[in-house]
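Trainee: I am new to this structure. Can you show me how to read its helices, loops and contacts?

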Amino acid sequence: MHVRALSLRDFRSWEAAELELSAGRTVFLGSNGNGKTNLIEAIGYLSTLGSHRVSTDAPLIRIGAQKARIGATVVNTGRELRVDMELNQGTANRAQINRSPVRRPREILGILQTVLFAPEDLSLVRGDPGERRRFLDELATARLPRLAGVRADYDKVLRQRSALLKTAGRNARSGHRGAEMSTLDVWDGHLAAHGAVLLAQRLRLVHELYPHLAQAYSGIAPESRPAAIAYRSASLPPELLDPARSPQPEDESELEAILLRELAVARSKELERGVCLVGPHRDDLELMLGSAPAKGFASHGESWSYALALRLGAFELLRSAGTDPVLILDDVFAELDRRRRTALAAVAAGAEQVLITAAVAEDVPAELAAVPLRVETTGEADRRASRIVEEGVDAAESASL
């Protein structure tokens, strides 16, 4: 799989761009703030419907514009598909496949698969559980695009049920018992049904990702303790959480029954606190080094190695299905020591398409032989626009790549 063409309009610092790409390795060179990361952020957005840098779409729309557009032509096993996204201020986003509108943007998921490694990935190891849940869910959705609908439905149910808990709790404390309790039973059923599907896919993913993660980490940091992952949930019994356990066809129905039971047990506490205490939104992906959790115990180098191993493990897992995802490396070589650079370069050398950003050519391992494209900005400070300067890489710099 590779991106053959990318077009942007009013996306971040790019007023307009029409860029032809090829399989192999391409590096976007430029100083910080020139817009090189914005290019790969746009490609990543088409893959996940989200940014690896911000949690909302508003910063992605160029200042002064009402909408931004991202388009790409994706080649997969010889077949081309065109996918387009329109990000709108104040109204719903819109998407097209081969220039034809689709009902929901999430229908484009699966057309383009990417694995993106960036400095922000350090938060996978050192950050909050939400970072790791997002990692799991985005990877699971890349493998099973229909899961995007399940995630959206679960989030909607969670919001509705949380609001109802607050209302019911206030009424209960004031001595009034309204219809909220029977309505809560209905929402419990919805949460358990959607939550069970999401949990089953997360547990399957952890089981299948584990060996890829362990192998990637041992290759990057052979002198370190072995890496392991496990799913953690206060709602589930230990036997279901064992990463060595193979997924079973009846898992979803069993998980749904467990969630319903746990919701009933937690009802009084939920009413008292006004929050939903049971469900996959409370869970975590535990990262272990030897017998200790990586968070809080791993050194800075070990944390970088673990974050890199998670992404490389995800790449190998997606690749095992028969199609290479696009590998995106956002300004990471400068952060890595020689060994980690070598390990990452070895994987990149075998990928169908690799897109790299770097401040200077010397940051990119020479063995990758990446095609350089220079990015710079022009214009006034508050309306600067990025552009590709094809002639901006001199012969000496090109040779160093």
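Mentor: Start with helix angles. Angles under 35 degrees count as roughly parallel, over 145 as roughly antiparallel, 65 to 115 as roughly perpendicular and the rest as oblique. Keep in mind that this is a predicted model.

Trainee: At what angle do the axes of H3 and H9 cross?

Mentor: At roughly 15°, and the axes come within 11 Å. H3 covers residues 129–143, and H9 covers residues 300–319. An angle under 35 degrees counts as roughly parallel. The two helices, H3 and H9, are therefore roughly parallel to each other.

Trainee: Which residues of H3 and H9 meet?

Mentor: From H3 come Phe135, Leu139, Ala142 and Arg143. By type, the contact of H3 with H9 has 7 nonpolar residues, no polar ones and 2 charged. The crossing of H3 past H9 is right-handed.

Trainee: How is H3 placed against H4: parallel, antiparallel, perpendicular or oblique?

Mentor: Look at the angle. H3 and H4 pack at about 140°, with their axes 8 Å apart. That makes H3 oblique to H4. On the H3 side, Asp137, Glu138, Ala140 and Thr141 make the contact. On the H4 side, Leu147, Ala148 and Arg151 do. The residues of this contact of H3 with H4 divide into 3 nonpolar, 1 polar and 3 charged.

Trainee: And how do H4 and H7 cross?

Mentor: H4 spans residues 147–173, and H7 spans residues 251–273. Their axes, those of H4 and H7, come within 8 Å and cross at roughly 65°. That makes H4 roughly perpendicular to H7. The crossing of H4 and H7 is right-handed. H4 brings Arg161, Leu165, Ala168, Gly169 and Arg173 to the contact. H7 brings Leu263, Arg267, Glu270, Leu271 and Glu272. The contact of H4 with H7 counts 4 nonpolar, 1 polar and 5 charged residues.

Trainee: Where does H7 bend?

Mentor: At alanine 266, by about 55°. Then check what follows the helix. Just after H7, glycine 274 takes a positive phi of about 75°.

Trainee: Which residues of H7 are buried?

Mentor: First, the general idea. An α-helix has 3.6 residues a turn, so residues three or four places apart point the same way. Now the case here. The buried residues of H7 are Asp251, Leu255, Ile258, Leu259, Leu263, Ala266, Arg267, Glu270 and Leu271.

Trainee: Which residues does arginine 161 touch?

Mentor: Leave out residues up to four places away in sequence. Arginine 161 then touches Leu184, Trp187, Asp188, Leu191, Leu263, Arg267, Glu270 and Cys276. Compare sequence with space for one of them. Arginine 161 and cysteine 276 are 115 residues apart in sequence, and 7.4 Å apart in space, C-alpha to C-alpha.

Trainee: What should I look for in loops?

Mentor: Look at phi. Most residues other than glycine have a negative phi. Two residues here are worth a look. Arginine 12 is not a glycine, yet it has a positive phi of about 50°. Threonine 77 is not a glycine either, and its phi is positive at about 50°.

Trainee: Where are arginine 12 and threonine 77 found?

Mentor: Arginine 12 is in the loop between strand E1 (2–11) and strand E2 (14–20). Threonine 77 is in the loop between strand E4 (67–76) and strand E5 (79–88).

Trainee: Are they buried or exposed: arginine 12 and threonine 77?

Mentor: Arginine 12 counts as buried, at 19% relative accessibility. Threonine 77 counts as exposed, at 73%.

Notes. Residues numbered from 1 in each chain as written. Predicted model: local features only at pLDDT ≥ 70, side-chain atom pairs only at ≥ 80, totals over all residues. Heavy atoms only, no water. Bend = angle between axes of the 7 residues up to and from the residue. Helix = DSSP H or I, 4+ residues; strand = E, 2+ residues; numbered from the N terminus. Buried < 20%, exposed > 50% of the residue type's maximum accessible area, 1.4 Å probe, protein only. Axes fitted to C-alpha atoms, helices over the stretch in contact; angles between N-to-C directions. Left-handed = near helix turned anticlockwise from the far one by under 90°. Contact = heavy atoms within 4.5 Å. Nonpolar A, V, L, I, M, F, W, Y, C, P; charged D, E, K, R; others polar.
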